[in-house]
Amino acid sequence: MKLTREQVEHLAYLIRLGLTDQEVEQLQEQLSSILGYFEMLQELDTESIPPTARVISLENVMRPDSVDSSMPVEEVLANAPDREDDYFKVRAVLDTGSADVFEV
Amino acid sequence: MNLHDLTVSEAVRLLRERSLSSVELTGALLQRIESVDTQVKAFLTLMADEALLQAELADEALASGEGGLLTGIPVAIKDVISIKGTRTTCGSRILENYIPPFDATVVCRLREAGAIFVGKTNTDEFAMGSSTENSAYFTTHNPWDLGRVPGGSSGGSASAVAAGEALAALGSDTGGSVRQPAAFCGVVGLKPTYGRVSRYGLVAFASSLDQIGPFTRTVEDTALILQCISGQDPDDSTSIGVPVPDYVAEIRKDVKGLRVGIPKEYFVEGIEPGVEKTVREAIGQLQDLGMVLEEVSLPHTKYALPTYYLIAPAEASSNLARYDGVKYGLSAPDATTLWESYMRTRERGFGPEVKRRIMLGTYALSSGYYDAYYLKAQKVRTLMKQDFDAVFERCDVIAAPATPTVPFRIGERVADPIQMYLSDMFTIPANMAGLPALSVPCGFIDGLPIGLQVIGKAFDESTALRVAYAYEQSTDWHKRRPPLGEVAD
C-alpha cells in the first residue's frame, strides 16, 4: 500500500508543514515503507489488552492557588521574532487567501 | 597524566586536596577542545569565558572549604537542555537563535553541586536520530574512528566525554539516545527510571519516554552525577518523590547471588557475531563475579521498534506544534498571512527526519488510523511492560547488548530510515517500560567499543549500577582512551 500524493499533502496540511514537490514524493515512498514495516504489529491479538499511555503511575500534583512571581515580560518577549509593545506580533489572521493553495 | 584524562571522582579529590585548581582543570579541557574538536565536532556552542569565570569562583569556594559534590568539575550539556542565556538549538535551524530565559532543573542542580559548563553538545535534530547525522549543523565524529558515527542522538555528549573534552556530560534518552552513543563511544551512559530526573527545561520530544541521563568514563562517576540530578521537582509533575539513595555508596555493595536475566530475544538475527561474542563473554564474567545467570524471555522484544516508531512520532507531532514562528525561533520573513507563516517557517526550519516523524505521528493519530496504529502501539506497550514485570519477579537485573553492531560509518545509513532505526532495537524496550538502563564498556572489536547493557527494576538504578561497577572494576576497558590527538599532544 503506497500513500497517495493527496494523503501526504493532507497530513502536511494538518500540521501546517510546507513541503516541496520533491519532499512530497520522497515522503510518499518513505512513509509507505515505514508503515509497511509496522504491519507486523497486526499479528498480535490485543483485543483484551488495555493501552498504556504512561508506565509509572502518576498522581495529580496539587498546589495552593496562590499568586507567585512570573517571568518578566521583557524576558518572555526577548526571543520573539516580531513584537509590538508588550505583545507578540503576528501576520494577518483572517486573510486566508494564500491558505487556499494548501487546501486539499 | 593529562588532566583531560581524569575521571570526575579523581578530579574531585585533587580539587579538594588543593593539588589542582579548577582554573587549571577547566583551562586544560578548553585547550583539549581547541586541539581535538575540529576533528570530533562534539560542540555546537562553547562557553569558554563563562566556564573560566565559574572556575575562578569554584576555586574561591574550595579555598574556603565550601563547595558541593562537583565543585570545579567541567561538564558538557546536550543542546536540547536549557541553560539560561546560552543558545539552545536542539540541532535545528528553527531554534538557531533561541536563548532560553531559564535554566533546566538538571542545570540548576549541577550548578548547586558546583559544576562548570564548558558548552552545548551536538545532537540529531530534536533528538530524533541515532548518529548525529540529523543535526542541522554538522555530524559529530566517533573519537575511536573519525570515519564513523558517535551514535545518537546524544552523540556530541558521548564523544565529548570519550575525547576528554569534558569530564562528564548530560544527554537525553527517548529510545536509546544516551545508551547507544555511550556504547559506540566506549563510555558509561545511563537512562534513569522515567520520573527519576526532572525534565523541566528539556525540550520535549516524546513526553511519555524522554529522560535525562549522564555520560561519564566510569560507573562511579555516573552514580555521582545521578546523585546530583535526581529527585522530585515541583516544575515537573511527572517527576516522582521516591527517595534518592546514596548511589556512590550503593554501587560498592556485594554482587554475589544477584540474579541476572539474559533475554534470549536479544541474541537474534541482526546482531553482529563479534558483538554477540563480546557481550556473552562479559555476561560470563558476571557469573565469575558470583552473580547467578538465568536465561529469560521477553517475547515481545521484536515488536519494540515498530511500537516505538508509532508512539514517539505521535507524541512528537504534538510537541513540535509549538514551533510556529510566533513566540521564539525562526519565522519566515516573507509570509503575508499567519497561515503562510506557519507553513513556510516549518518548511524551512525542520530537517528531513523531523518532517518524516511528525508526518508519521500525525498519520498514526489521525481519524481512521488511530485504532490500527496509535492505540495498537499503546496496547503492545502494555505487553512489553508485562514481559519485564514477569522477568523482574525472578531477576534483579537484565544483562544484554546495548547495540546490535559496532559504530557504523558516517553516511552508511542516512538513505534508509529503517536501517537507521534498527540501531536502537536493544535500547528501546527499557524506554517503553520506563525502566532504568545503562551501557558500560565491555570490549572492543578492531578498536571499536562495545557496550554491555544492564536494565534494572523501576527506581532501582542502584542495583544496575552495582552490577556495572563490579563488572567494570574487574576489567580495564574503561581505562582505554581513543588514539585521538596523540600526535598533537
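**Reading a predicted two-chain model**

Analyst: We begin with chain A of this predicted model. Chain A has three helices and two strands. Along the sequence these elements follow the pattern α-α-α-β-β.

User: How much of chain A counts as buried?

Analyst: Of its 104 residues, 31% count as buried. As for contacts in chain A with a separation of 6 or more, 34% of them come from residues 24 or more positions apart.

User: How should I read the size of an interface, and what area do chain B and chain A bury between them?

Analyst: The size of an interface is often given as the accessible area lost when the parts come together. Here chain B and chain A bury about 5,800 Å² between them, and 69% of that area is on carbon and sulfur atoms. Three residues, W339(B), M343(B) and M359(B), supply 14% of the area that chain B buries against chain A, more than any other three residues.

User: How many residues are in contact on each side?

Analyst: On one side there are 69 residues of chain B, in contact with 55 residues of chain A.

User: Which polar and charged pairs join chain B and chain A?

Analyst: Side chains of opposite charge can pair when their charged atoms come close. Between chain B and chain A the count is two salt bridges. E23(A) forms a salt bridge with K355(B), and their closest N and O atoms are 2.7 Å apart.

User: Which helix of chain B gives the most to the side that touches chain A?

Analyst: Several helices of chain B each supply at least two residues to that side, including α10 (304-319), α11 (338-349) and α12 (352-365). The most comes from α13(B), with eleven residues. The residues of the side of chain B that touches chain A divide into 39 nonpolar, 17 polar and 13 charged.

User: Where else can I study salt bridges, for example that of E9(A)?

Analyst: The structure holds 29 salt bridges over all chains. E9(A) forms one with R5(A), with the closest N and O atoms 2.9 Å apart. Both residues lie in helix α1 (residues 5-14) of chain A, four residues apart, about one turn of the helix. R5(A), E9(A) and D21(A) are linked in a network of salt bridges.

User: Are E9(A) and R5(A) buried or partly exposed?

Analyst: E9(A) has 24% relative accessibility, so it counts as partly exposed. R5(A), with a relative accessible area of 26%, is partly exposed.

User: Are E353(B) and R357(B), which also form a salt bridge, buried or exposed?

Analyst: E353(B) and R357(B) are both buried. Their side chains meet at 2.6 Å, N to O. The two are separated by about one helical turn because they are four residues apart in helix α12 of chain B. In another pair, R111(B) and D103(B) meet at 2.8 Å; R111(B) is partly exposed at 30% relative accessibility, whereas D103(B) is buried at 15%.

User: How should I read a nonpolar core, and how many residues has the largest one?

Analyst: In soluble globular proteins, nonpolar side chains tend to be buried together. The largest nonpolar core here has 144 residues, and those with the most contacts inside it include L70(B), F126(B) and M359(B). A second, separate core of 27 residues includes V118(B), A169(B), V178(B) and F215(B).

Technical notes: Residues numbered from 1 in each chain as written. Chains lettered and ligands numbered in written order. Predicted model: local features only at pLDDT ≥ 70, side-chain atom pairs only at ≥ 80, totals over all residues. Heavy atoms only, no water. Contact = heavy atoms within 4.5 Å. Buried area = accessible area lost by both parts, 1.4 Å probe. Salt bridge = Lys/Arg side-chain N within 4 Å of Asp/Glu carboxyl O. Nonpolar A, V, L, I, M, F, W, Y, C, P; charged D, E, K, R; others polar. Core = buried A, V, L, I, M, F, W, Y, C linked by side-chain atoms within 4.5 Å. Buried < 20%, exposed > 50% of the residue type's maximum accessible area, 1.4 Å probe, protein only.
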